[in-house]
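User: Can you walk me through reading a few local features of a model? I'd like the general idea and then the case at hand.

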Amino acid sequence: MPETGDAAPDFTAPLANGDIEEFTLSDRLEDEAPIVLAFFPGAFTGVCTTEMCTFQDRLAAFNDLDANVYGVSRDSPFTLNEFREQNDLEFGLISDYNKEIIDDYGIEMDFADLGVYGVAKRSVFVVDDDGEVAYSWVSDDPGVEPDYDEVEAAVEELA
């Protein structure tokens with residue numbers, strides 16, 4: 001699991017942004033850093049919907065800091081586009097359908113009682129323009145949301 005000061009694991013994955021395009025973290029850093037990667041277990045679930053909608057509600061503050069927010073989950077890009085549309089999300093959602101990003105970031109969790117395995121722990125990483133993790137937060141409790149003020153403050157320090 002990358003900690004503050006570590007190099008953020010690079011990845012290429014489908015980006016659901018109303019369309020579907022390829023997203024490579026290292027390619028986006030020059031123009032889009034800082035980048036907020038908000039991992040969530042699954043689209044259309046209660047806490048995940050609340051979290052993504054809260055990031056949407058605070059998107060103007062991140063935009064004012066020239067930061068870009070992306071949600072990341074194991075859902076397919078098609079599911080993520082529908083989730084974006086139903087919740088009026090203006091930021092892109094990255095599909096880690098094959099669980100490669102979750103593995104590289106070391107944030108896998110299971111809901112064995114539900115028969116769901118290998119989803120992302122709720123977590124947030126802020127990546128600076130050098131590709132380093134400037135902020136990391138990971139929860140073992142999927143019912144806990146990140147401290148949005150703390151995430152915003154971490155981005156503000158990079159501005």
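User: How exposed is phenylalanine 44, and what is its relative accessible area?

Analyst: Buried means under 20% relative accessible area, exposed over 50%, and partly exposed in between (1.4 Å probe, protein chains only). Phenylalanine 44 has 40%, so it counts as partly exposed. This is a predicted model, where local features need pLDDT of at least 70, side-chain atom pairs count only at pLDDT 80 or more, and totals for chains, interfaces and linings use all residues. Residues are numbered from 1 along each chain as its sequence is written, and side-chain values use heavy atoms, leaving out hydrogens and water.

User: Where is phenylalanine 44 found?

Analyst: In the loop between β3 and α2 (46-57); helices (H or I, at least four residues) and strands (E, at least two) are DSSP runs, numbered from the N terminus.

User: Is asparagine 81 buried or exposed?

Analyst: Asparagine 81 is buried because its relative accessibility is 14%. It belongs to helix α4 (residues 77-87). Not counting residues up to four places away in sequence, asparagine 81 touches Ala16, Asn17, Gly18, Asp19 and Ile20, where contact means heavy atoms within 4.5 Å.
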